[in-house]
Amino acid sequence: MMNLKTYGYTEIEAIPEGLLPGRVMELRRERFTVMTERGEVTAVLKGAFYHSVETHVDFPCVGDFVLLHFNESGDSLIVTVLPRHSKFSRADYSGHAVGYAKTIREQVVATNFDYVFILTSLNWDFNITRIMRYLTQARQSGGQPVIILTKSDLVEDYNLTLAEVTQSISDVPVHAICSHNGQGLNELDPYLMPGKTVVFLGMSGVGKSSLLNALIEQEVMKVQAIREVDSRGRHTTTHRQLFMLPSGTMVIDTPGMRELGLFDAGEGIRASFTDVEDWFPQCRFADCRHQSEPGCAVLAALADGSLPRERWEHYVAQQHEQKYVQDKTSYLIDKRARNKTIAMSSKQTKKNGGWKK
């Protein structure tokens, strides 16, 4: 029998008779690979599952703990998803450009993790603004963010970039590593503890697969070369998957993201920009928009350099994106609420004796 606790499972409620807990390791199309006490099984969603969930967000994701009907001679049936203690999401524009999306949906990337490794390479494609966007969504997720600067062997002195990151983001651990020669990998040991789960996030070509191979001490993921022209990578990971390291740590590897759309990131923005919002109570007016109002503490701080202008611009950009996403998702939220009200009304009518003519 497999001890599911080694995969991070903690029994938070009694398991109904006939059901078996498990953790989703991989998803390919509509088939799930789930680790259970009876070993690894292939599972699909029970038919009733499709009718019981309100949104696509409620479907199982890699990292989820689920309950299933075990079938030793075929596909097991996933009945329900257990509560998540962390969740990393992104905005899904359904293939549309940002300005043309009619509705924006939440796409869950990974769940039930302890650390979020935000990977970015130390080559020409390094971008501090992109790191800050990942950081905002990571803080929203419930996991602890850690910034990993990869490919330290490609630059003569990575300490300059390291200093730039730590100066802009002072409250998050930052590590410079090279997966090929092992430089800096020992700095990651405090996070790689038995029973803990780490999710790897970053653009294509930043070295997620190389780092996974180095930590797992074998080549489990194919690695592709980046383009010399722009230092951009090609997609190596094509689907999300959970791996067990020799240390007993679990890693969720994710496909590279060209762009990370912030989703429901209000708390994450506040956590990332506390130094900015600390100025707000000092404004003369409680409803100050920080544009041209007299007695605005933000404008005064920008004028004397107490608040770096670049820092303020990052904050404003993320707040604008957050408002845009909220406006686009409100339609779906209102529609679900209306449908739920209609369904409850229909059930109550039937309970009271059916429709009246």
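1. Which residue follows α4, and is its phi positive or negative? The residue is Glu-217, and its phi is positive, near 65 degrees. Helices (H or I, at least four residues) and strands (E, at least two) are DSSP runs, numbered from the N terminus.

2. A note on the source: this is a predicted model, in which local features need pLDDT of at least 70, side-chain atom pairs count only at pLDDT 80 or more, and totals for chains, interfaces and linings use all residues. Residues are numbered from 1 along each chain as its sequence is written, and side-chain values use heavy atoms, with hydrogens and water left out.

3. The protein chain as a whole has eight helices and 13 strands. Of its 357 residues, 48% count as buried; buried means under 20% relative accessible area, exposed over 50%, and partly exposed in between, with a 1.4 Å probe and protein chains only. The accessible surface of the protein chain is about 19,100 Å², and 50% of that belongs to carbon and sulfur atoms. Such areas come from the Shrake-Rupley method with a 1.4 Å probe, and for residues only the protein chains shown count as cover.

4. Helix α4 covers residues 208-216, and eight of its nine residues are buried, so the helix is largely enclosed by the rest of the structure. The buried ones are Lys-208, Ser-209, Ser-210, Leu-211, Leu-212, Asn-213, Leu-215 and Ile-216. They pack against four strands: β8 (115-121), β11 (197-201), β12 (241-244) and β13 (250-253).

5. The structure holds two cavities of 30 Å³ or more. A cavity is a set of points, on a 1 Å grid over the protein atoms alone, where a 1.4 Å probe fits but cannot get out; lining residues have an atom within 4 Å of a point. Grid points are joined across faces, edges and corners, and a volume is the space filled by probe spheres set on the points.

6. The second largest cavity has about 50 Å³ of space. Its lining consists of Thr-150, Lys-151, Asp-153, Cys-178, Ser-179, His-180, Gly-207 and Ser-210. By class, one lining residue is nonpolar, five are polar and two are charged. Here Ala, Val, Leu, Ile, Met, Phe, Trp, Tyr, Cys and Pro count as nonpolar, Asp, Glu, Lys and Arg as charged, and the others, Gly among them, as polar.

7. Lys-151, one of the lining residues, is in the loop between β9 and α3. Lys-151 is buried at 17% relative accessibility, and its phi is positive, about 60 degrees, although it is not a glycine.

8. Ser-152 is in the loop between β9 (144-150) and α3 (159-168). Its relative accessible area is 3%, so Ser-152 is buried. Its side chain makes a polar contact with the side chain of Gln-183 (3.3 Å). A polar contact is a pair of N or O atoms within 3.5 Å; within protein, one must be able to donate a hydrogen and the other to accept it, and residues adjacent in sequence count only if both atoms are side-chain atoms.

9. Phe-65 lies in strand β4 (residues 65-69). Phe-65 counts as buried because its relative accessibility is 9%. Leaving aside neighbours within four places in sequence, its contacts include Tyr-7, Val-81 and Asn-112.

Notes:
1 Å grid on protein atoms, 1.4 Å probe; cavity = no way out; pocket = protein on both sides within 12 Å on 5 of 7 lines; lining within 4 Å. Contact = heavy atoms within 4.5 Å.
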